[in-house]
Every structure is written in structure tokens, then in C-alpha cells.
Amino acid sequence: MREDRLLVKLENVSRYFKMGDQKIYALNNVNLEIEKGDFILILGPSGSGKTTLLNQIGGIDRPDQGKVIVGGKDISSLPDNELTKYRAKTIGWVFQFFNLIPSLNAWENVALSLELSGDNKNMEKRAKDILARVGLKDKTDLFPPQMSGGEQQRVALCRALIKKPLLIIADEPTGNLDHKTGLEIVNLMKELNEEEGTTFVVVSHDESLKVVADRVLHLVDGQIIDDHRKPQQAMETL
Amino acid sequence: MALLAKKLVRELWNMKVRSTLIVLSIALSIAFYGGLFLVKDNVLSSLNKTYEELHYEDFALRTYAPINQSQFQGILDKVSNIGEMDYRLTLKSTVELLGEEFSARMHGISQLPLPIINQFKLEKGEPLTEDLPKAILVELGFAKERSLDIGDEITLIYGGVSKQFIIRGIVFSPEYKYGTNPDTGFPEIGSLGAFWLPINQVKTFLGNQSLVNEIFFRVRDKTLLEQTAHEVQSAFSSLGIETILTLGTEEPDHEVMSEDVGFLDDYAFALGGITALIAIVIIYDSLSKLVFSQKQIIGVLRAMGGTKRKITIHYTMYGLVLSILGAAIGIPLGFLLSIFLRNFYISIVNLPFVAAKFQAGPFIEATILALVFSFIGSGLASYKIGKVKPAQAMTGFEKGKPMHIPRRVDKAIERLSRKHKITNKIPVRQVIGRKKRSSLTIFTIVLSSLVVITSLGFTDSIFAQIDTYYDEYYKYNLEAYLATPINPFIGANIIFQISGI
């Protein structure tokens, strides 16, 4: 892999939880490299460690062993305030339950991401522009309870995208949507991935999402048991 | 407006009932604290002004028996700190009104129309003049209670002599503003008649002798008051006149007033403090619930790069915004309360002119205290934010903490739910299992009840105090009038030899 394309590197990352005297490994000695512009799909059954893996990359949890290096920086050893800055500038999150703030309308939810990262210029215009791009031009003033699941997830996607992060992490983004809407959302992500070059790491149970991914990882019992890259993409890398 | 501020305002609006409760508690707390202190300040400053205007005594000497005024004429020259001196002849007598008799004090004043010291304000009628021997002035509170008016006839009785007088004026005197009987030291609102008439008219009750028994002084330098008072008393003593010395602030009426007005302080602390405590508890309880219900949102904010500090400040602002709103309502409410209480004081203790001046001091103090309290309440609740991990944004359902319910208690719940519905278990387990929250709710209810009880007690206690004075001290079984004045020590020796007294 070319060093200049390397965005994320996990070196022997383990994360365990204690139950009595026993250690339960959510991640067990995981090694992984993610390139800039990748669209990665992580598949696996419940409890396989998918979300724990995302938490390590997203800087909301720390490994018990190993290193998580993002953009050349070891984030697993960053102090709390630096880690918060990392989350604000580098990562965009998309959650299964959308997690929009019910008391803020669509554009405000999107712009909040800018406010928290300290980028307050033209927030309203930028938020409305990006919402228009995902087909929500007429819904910018609606509050989350007034929108459908698909619309809410689009808003959540805009919220993640607006600050132009290096990496967007999506935890079961289609888990709370019907199949058709789910596909629409994933296609939209893929579109944005291709147009903007933003790296996406998506976790899902849904095998049908494989079609849009450049690379598919299978995680079982905290270990990557399969790492499949699409041939065309593999050729380009070579 | 910053987006987090928008979120705050909308969420406060969304939880209207709780927000209103918090705002009202803070408002009441500020109103009680500020209002009661304000009325105390207003009453005291009005009284102090009255004392100054009406030349209230700095100290008084009372002789055991009336003396001839010529005996102490040179006293002013002996003590340099004396500014003014006045004297009068006061007789403890009885007034008869429509066949009913009341305790009375008739003051024979040496200067007309107004004495030099212990003056009075003519509220109605005309001042006294030498050419009207039957004219008399009556104290405002007694006149009000007994429906006396200008031109009414009254009969004063002393030493078996009774004389008729015609009311020429109704006056307010700082000596009787509280209707306190100088002998018992307890309020006798409306039952103690104080009258002023020319000294020559009072002397007629004593066979026209040139006698006085009360001498009043005002000093030049108040810092030397006590020293001067004792100097004067010694000077009288050297003339063979034994006297009782009373400083102006030790006068019974003054002391009762100080006590009465002073206990507004206690009520200000009690009512203001309890309502402020309720506000803190509600703020803490509401914000704890809000923080708990927004764990996922807090997780999202943290995941999106919100710092712990920023988010804690955001949630702490909930309590502070409500407190500021509470203060905005509480300050005018407190001022209205002070006007109401001022009128209440005027009506029950016959204070004729208490200015309703707004003073920022008590309210600033109350607002600062309320803000500090709500900061503590919201800060404590917001402190929990530190425990919310960004990963909490991932979870869709709050499982909650396991409840620790003793086995025996849980068995009792089981028995209860067998008889009734299984859904009964939920609230019972919630109450028993969530001990902290349940204790907090019980605490709030107890405090709220305390506020209600204290408020009701506030009005009751004033009257109860007066009743107690009457019951314990004032009501006598037997009253005896002596034909001629005697030294009280000699009188006491005779009386206490009689068994049963």
C-alpha cells in the first residue's frame, strides 16, 4: 500500500471487557489499514466487535492493547481534549438511530456540527446547500419528528459531511430503515464518496450493501476473518 | 443565536410545567427574601425618620413620686452634653367610655401646642391651647379602635377624681405607635388610651400642686449617651431625687417594635431559604431527568467534538436561565409583597406613614443567592455529563441500572401484585429501587409543605404573640387604685405580704 494513501492503521489492537475473572475480547489483535477515498463495508454478526472497531477508529474508545494511527497520529495515546479535537475535525458520524437533536430543525442539526468544531462562518447557508444536495431543499426547516426515517438519515449524513472530515464512520446506517430507503442512503454515501473522495467506513448486517463497497471486511469474535477488495480497486492500488 | 442556545430555549419551552415550577420557586424565593427585608428596611427607616421629626427622647428619668419642677431647674448647666430637656406629669389612670373602663395614661405637657421632646403629629382636629381647659388629644390607635372622633366626650378617672374632657385632636405619637403599655411592656392595641392635655389640667387631679414625674433629655453627642444619662441621674440623686433611667431604645414600645420588625428577618430567611431550597431540588431533579433522557444526545454531541466543558456549561445554563427569569418575576413580586406587608403593618400596629421605597439591596442579595443556589443545583446535575461516554450515542435503548431492592421488600411487592395487577409492580419498584430520586421527591414535598405552613404561621404568629402577652402578663385579676402616689418599693413590700399574690 502506498504510504501517501494510508489514512488509518490499526496495529495489534485488542479491546476486552471483564466479566468476573474472565476477559471477553470484543477485538482480538486486529490489524487493519484503510486508504484515503475507500468505501469499506464491515460485516459481521451481533457481538462480533464491529461497533467496538468503529469506536477505536472514531476516537470514542481506547484500545487495551495496540495502536490506532489516523493520518500519521497515534490517537490511542492522545489526551482527552486532543481526542475531542480529533473527533471534531477528522471524523463524521452516522448512527443507526439517526440521533438528530429533536429540538433543532434540519439545517440547525447539520450546522451544529460546524458550531462544535468551531467553524461558525455562514453556517445556515452551508447547511442548507448541503441539504439541497441530498434532495432536502424543502425540508430544511422541519424538525426531526416531522421527517421520515430516510430523510432523517440524510440529515445525519449531511451533519457528518458538512465539516469535510477525512473519514465518515457509519454504524448500521440502514438498520432502522426499510430495504429500499436503506439502499438509497448507501447509494448516496457512495455518490458522495466518489464525488468528494471522502473515506467511508460502514458497519452493517446487510450483505446486500456489498455491491457499493470497494472493500468488504468480515468480523467474527473480534477478528477479521475475511478482507475482500474488489478487483478493479485492487488493480488501481497495485 | 448560537445553536446550542436555541436548543436550550426550545427544550425549556418544551418542558413548560417544570420550567414554570422552577421559575416560580425562584421568583417566590426572591420575592419572600427581598420583599420581607425591604418591608423591614422601609418600616425601620420610616420609624427612624419619625423619631427624628418628632424629637424622640434620647433618655428619660422617671421619679418614684411626683416632684416639684423647681427642684431640678439648674440641671442643664451641670451636664454639658444635654441639648434639650423637657418634663411632664404623667398619671396612670382610667378612661371611661360608654360605661366601659380602659387603662389610660394622661400626659400633662408643659409646652403648648407641642412639647419640646416626644412630640406628636396631629392627624385630625386642632392643637391644644391654654384657654380650652376641657380640650384633650387622644392617641390615634385607641381612637380608631374605640371609634372616637373630634368633639366626643370622655371621662378620665384618677385617685377617685373623675373629670370630663372633649376630644380636640387625634394624634400619632412615636411613644404609642405599637400600643405598648409602658408598665407591662406588652402591646395593648386599642385597649390602652393615651391622652395629652395641658399640665395644669393634670395637676388638678393632684390638688393643683406644681409637680412633674417624667423628665426627657436629648443629647448633643449620641456617642456619649449612656455616660451622659448616668451623669444626669447622679445629678438628680445628689439633689435627693431617686429616679429610674430609661434610654430611648429601651422604651417598651421601641423594644416591642424592634422585636416585631426584627422577626421579619427570620421569616425572610425561612421563607426565602425554603423556597430557594425547593427551587434547587426541582432544578436538580429536572436537570437530572433531562440529562438522563438526553444521554444519547450528549453522546452525539461528544462524538461530534463537543467538549465536556462546553456541554456541561450548556446544561448548567438551563438552571441559570430559569433563575434569571425567576429573578425578573421575583423582584417586582417582592416589591408588591413589601407594599402589601407594609399596609398590613400599618393596619395592625397603627404605623401611620411607612414609605414604600424600592431598594435594590435586598433583591440583589436575594438574586445572587438564587443564582448561586441554582448554579449549584444545575451544576450538580450537569456534573453527570462527565460520566456520559460518546459511545452512548450508539445505543438506542437505555437499559438503566439494576435496582437494589431487599428480598423481603420484593416479596411484599410480589404479594401485592398477585392480588392486583402486575403493572402495580412497576411504580412500586421504581419508588423503592430508585432511592435517591424517591428521597428527593419526598424532600421536595416536605419543603413545599414547610413553605405553606410557614406562610400561614407568619400572620398567625403576630396575633399569637400578642395573645401570649395578654394571657401570661397583662390580664390581671384585681386592680387597686391608691388615693395618693406612693414609692413602688414600699407598695411592693406591703402587697407581697398578702398571701395568694
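A:R229 is buried, its relative accessible area being 18%, where buried denotes under 20% relative accessible area, exposed over 50%, and partly exposed in between (1.4 Å probe, protein chains only). The model is predicted, so that local features need pLDDT of at least 70 and side-chain atom pairs count only at pLDDT 80 or more, whereas totals for chains, interfaces and linings use all residues. Residues are numbered from 1 along each chain as its sequence is written, chains are lettered from A and ligands numbered from 1 in the order in which they are written, and side-chain values use heavy atoms, with hydrogens and water left out.

A:R229 forms a salt bridge with A:D38, with 3.4 Å between the closest N and O atoms; a salt bridge is a side-chain nitrogen of Lys or Arg within 4 Å of a carboxyl oxygen of Asp or Glu. This pair links distant parts of the chain, 191 residues apart: A:D38 lies in the loop between strand 2 (22-35) and strand 3 (39-43) of chain A, and A:R229 in strand 10 (residues 223-229). Helices (H or I, at least four residues) and strands (E, at least two) are DSSP runs, numbered from the N terminus. A:D38 is also buried, at 0% relative accessibility.

A second salt bridge in chain A joins A:E184 and A:K180 (3.9 Å, N to O). These two residues lie four residues apart in helix 6 (residues 179-196), about one turn of the helix. A:E184 is partly exposed at 35%, and A:K180 is exposed at 61%. Over all chains, 35 salt bridges are found.

Chain A contains seven helices and 10 strands, and 55% of its 238 residues are buried. Chain B contains 14 helices and 10 strands; of its 501 residues, 48% are buried.

At the interface, 25 residues of chain B are in contact with 28 residues of chain A, contact meaning heavy atoms within 4.5 Å. The buried area, namely the accessible area (1.4 Å probe) that two parts lose on being put together, summed over both, is about 2,300 Å², and carbon and sulfur atoms give 66% of this area. Three salt bridges cross the interface. A:D80 forms a salt bridge with B:K308, the closest N and O atoms being 4.0 Å apart. A:D80 is partly exposed at 46% relative accessibility, and B:K308 is partly exposed at 35%.
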